[in-house]
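Let's take a friendly walk through a protein model. Keep the picture at hand as you read.

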Amino acid sequence: MRTYPLFDTNVFLEYKTTIKEYANVMRLSSIVLYELVATTIDDGSLQRFDTWRTTANKDHRLLTPSMIDYWETAKAVRRLRFLNLTSKTTTPTELQNDALIARTAWRNNCFVVTSDVDDFAYLQKVMPKLEVIPADVFFS
Amino acid sequence: MKKKDLPENGLRLRDYSHLPRAKDYPRPKKLSAKTRAFVEATAAAMEALQREEQKRS
């Protein structure tokens, strides 16, 4: 059974006042961190995210895809396209972030907590060991 | 939720009973220094997200 929650970007945005209560059990995806930082307006916020990154790394909670992860994830997304589970107009990069979050979750004994369960449900067809739970169910 | 029916679009309705809920994690009595630092940094990051949201609105 997967042990640690890995929160998708949308969960941080929707549950920001709740998540800090469970920080001691969560893992932090570097892909999610990228998505949060890339849209940051304030320099003070950027500094806080940097501290978050370094403390996560020191406590072995920062999950970053390896070269093999990128390779295996690309093959998984390719299988999705062969199975016609994605639209022909969906670019590989649109799926990349979710697929990398999914891959690093199952490789690190995590399950994904997300508000977009349907997107990850498709990924489960090519990553059968991936576990996903909707955020409203997880926090209920 | 314990449904396992197959709707027309082929997606299996999902059973999450085997996964933990937030309330299943016990409050730790003591945190290591590194974990405490991460927990505090998480709280600060969430405050930053709150401020970012206010700036955008």
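Predicted model: local features only at pLDDT ≥ 70, side-chain atom pairs only at ≥ 80, totals over all residues.

His60(A) sits between H4 and strand S3 (62–63) of chain A. Is His60(A) buried or exposed? With a relative accessibility of 65%, His60(A) counts as exposed. Its backbone is worth a look too: His60(A) is not a glycine, yet it has a positive phi of about 60°. Most residues other than glycine have a negative phi.

A second residue of this kind is Asn109(A), which is not glycine either and has a positive phi near 60°. You will find Asn109(A) in the loop between H6 and strand S4 (110–114) of chain A. Its relative accessibility is 30%, so Asn109(A) counts as partly exposed.

## Inside the nonpolar core

Now look at the largest nonpolar core, which has 55 residues. Which members touch the most other members? They are Phe7(A), Phe12(A), Ile19(A), Met26(A), Trp52(A), Phe138(A) and Phe139(A).

Asn10(A) belongs to helix H1 (residues 9–14) of chain A. Its relative accessibility is 15%, and because buried means under 20%, Asn10(A) counts as buried. What does its side chain meet? A polar atom of the Asn10(A) side chain lies 3.0 Å from the backbone nitrogen of Ser115(A). Beyond neighbours within four places in sequence, the contacts of Asn10(A) are Thr114(A), Ser115(A) and Asp116(A).

Thr54(A) lies in helix H4 (residues 43–58) of chain A. Here the side chain has a polar atom 3.0 Å from the backbone oxygen of Thr51(A). With 30% relative accessibility, Thr54(A) counts as partly exposed.

Side chains of opposite charge can pair when their charged atoms come close. How many salt bridges are there over all chains? The count comes to 10.

One of them joins the side chains of Asp50(A) and Arg53(A), at 2.5 Å from N to O. Why can you find these two about one helical turn apart? Asp50(A) and Arg53(A) are three residues apart in helix H4 of chain A, which means that about one helical turn separates them. Asp50(A) is partly exposed, with a relative accessible area of 37%, and Arg53(A) is partly exposed with 37% as well.

Another salt bridge links Asp69(A) and Arg103(A), at 2.7 Å from N to O. Asp69(A) lies in helix H5 (residues 67–82) of chain A and Arg103(A) in helix H6 (residues 92–107) of chain A, so this pair ties together parts that are 34 residues apart in sequence. Asp69(A) is buried, with a relative accessible area of 1%, and Arg103(A) counts as buried at 10%. Through shared partners, salt bridges join Asp69(A), Arg103(A) and Arg107(A) into one network.

## Where the two chains meet

Finally, turn to the interface. Here 35 residues of chain B are in contact with 47 residues of chain A. Between them the two chains bury about 3,600 Å², with 63% of it on carbon and sulfur atoms. Which residues of chain B lose the most area to chain A? Tyr25(B), Phe38(B) and Met46(B) do, and together they make up 18% of what that side buries.

Charged and polar groups take part too. Across this interface there are 15 residue pairs in polar contact and four salt bridges. The side of chain B that touches chain A has 18 nonpolar, six polar and 11 charged residues.

In one, the side chains of Glu21(A) and Arg27(B) meet at 3.0 Å from N to O. In another, Glu53(B) and Lys16(A) meet at 2.6 Å from N to O. This pair runs from helix H1 (residues 33–56) of chain B, where Glu53(B) lies, to helix H2 (residues 16–19) of chain A, where Lys16(A) lies. Glu53(B) is partly exposed, with a relative accessible area of 41%, whereas Lys16(A) counts as buried at 8% relative accessibility.

Note on methods:
Residues numbered from 1 in each chain as written. Chains lettered and ligands numbered in written order. Heavy atoms only, no water. Core = buried A, V, L, I, M, F, W, Y, C linked by side-chain atoms within 4.5 Å. Buried < 20%, exposed > 50% of the residue type's maximum accessible area, 1.4 Å probe, protein only. Contact = heavy atoms within 4.5 Å. Buried area = accessible area lost by both parts, 1.4 Å probe. Polar contact = N/O pair within 3.5 Å; in protein donor to acceptor, adjacent residues only side chain to side chain. Nonpolar A, V, L, I, M, F, W, Y, C, P; charged D, E, K, R; others polar. Helix = DSSP H or I, 4+ residues; strand = E, 2+ residues; numbered from the N terminus.
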